[in-house]
Amino acid sequence: MEPKNRGLKIAGIVCTLLVAASCISVYISYNVLTVTEYKLKNKKVQSPMRMLLVSDLHNHQFGDNNEELIKKMLDLQPDAVFMDGDMLNVDTADCSWLFQLIRSLSSEVPVYFAYGNHEQHPELREQLTEAGAVVVEENYVDTTINGNAVRIGGFYDYAFSMTHPSTRQDTMDSEKYDFLDDFCSSDALKIMLSHRPDSFVFSDASSIWSIDYVLCGHNHGGQVILPFIGGLYGGDQGFFPEYTSGIHQFISMQMIITRGLSSNPEYLPRFNNPPEIVCLDFISSKTQE
């Protein structure tokens, strides 16, 4: 074989392998569920409790009627489940699959549902409640989980002034400011479901609101995860965003971001980015390793 033909053959083989590897990566990024576990120590926690965080399902199904997803979550034996927005798409006409998912989970464990940018159906809150979810969107509930006092809220909007460098009642929408101020007033463990990390990472929001844990999704892990670089794009943060997954410590809060379970049809599919269930194990800061 001539060197030129040999080189073309090798190039063809390499291209074929790259395409095959890319297809496998995209398949894994939509269909192979993973669990990421975090151990969270806090002095407000008296006895261990486990919460699951999921978001950004975007109508995707893991098995018939999401049986694979349900089994994976319930096998972790959580004390509560947090659905943190964009579980459906804004143009979804039939949400019955989502209500069935909530019914299946809420029959075993409390489910708290916060809105994302795709939950735009005016009748959705009532339907989610009927299915068994506790809807938190600019409201909160006080509850006790395994003997621990917990305040769980939801806030989709921006938690800072859009017109002034200092966030105060007179520079921010007063109702939203009052809600956040009231939410922070409790001595209980405070957990805020905020679909967009951007709601709290910009301006002075992460320093003025005293919230133990802000739980987020939205950015799909950066959609495309590049080796040694990270996520490619994320919402308001643009290209190569800093806040797409993992734990981030701020002055007055700790933020936990999930890569989410899927994505809305976009120009780029998820790549090198397996769907994620985040498992949060809360333990007392007095607990020994």
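User: What helices and strands does the protein have?

Analyst: The protein has 7 helices and 16 strands. The model is predicted.

User: Why is the protein called as compact as a globular protein of its length?

Analyst: Set the value against the rule. The globule rule gives 19 Å for 289 residues. The radius of gyration of the protein is 21 Å, which is close to that, so the protein is as compact as a globular protein of that length. Along its principal axes, the C-alpha trace spans about 80 × 50 × 45 Å.

User: Why does Ser 55 count as buried?

Analyst: Buried means under 20% relative accessible area. Ser 55 has 0% relative accessibility, so Ser 55 counts as buried.

User: Where does Ser 55 lie, and what is it in contact with?

Analyst: Ser 55 sits in the loop between β2 (49-54) and α2 (67-75). Contact means heavy atoms within 4.5 Å. Leaving aside neighbours within four places in sequence, the contacts of Ser 55 include Asp 84, Gly 85, His 218 and Thr 258.

User: How many residues of the protein count as buried?

Analyst: Of the 289 residues, 53% do.

User: What makes β8 and β9 a pair?

Analyst: Two strands pair if there are at least two bridges between them. Strand β8 (residues 189-193) and β9 have 3 bridges, in the parallel sense. Among the partners, Met 192 has Val 214 in β9.

User: What about β9 and β15?

Analyst: The cut-off is again at least two bridges. β9 and strand β15 (residues 254-257) have 4, also in the parallel sense. Here Tyr 213 stands opposite Gln 254 in β15.

User: Which way do the residues of β9 point, and are they buried or exposed?

Analyst: Tyr 213 and Leu 215 point one way from β9 (residues 213-216). Val 214 and Cys 216 point the other way. All are buried.

User: Which residues of helix α3 are buried, and what do they pack against?

Analyst: In α3 (residues 96-106) they are Trp 97, Leu 98, Phe 99, Leu 101, Ile 102 and Leu 105. These buried residues pack against α2, β3 (80-84), β4 (111-114), α4 (124-131) and β5 (133-135).

How values were computed: Residues are numbered from 1 along each chain as its sequence is written. This is a predicted model: local features need pLDDT of at least 70, side-chain atom pairs count only at pLDDT 80 or more; totals for chains, interfaces and linings use all residues. Side-chain values use heavy atoms; hydrogens and water are left out. Helices (H or I, at least four residues) and strands (E, at least two) are DSSP runs, numbered from the N terminus. The radius of gyration is taken over C-alpha atoms; the globule rule is 2.2 Å times the number of residues to the power 0.38. Buried means under 20% relative accessible area, exposed over 50%, partly exposed in between (1.4 Å probe, protein chains only).
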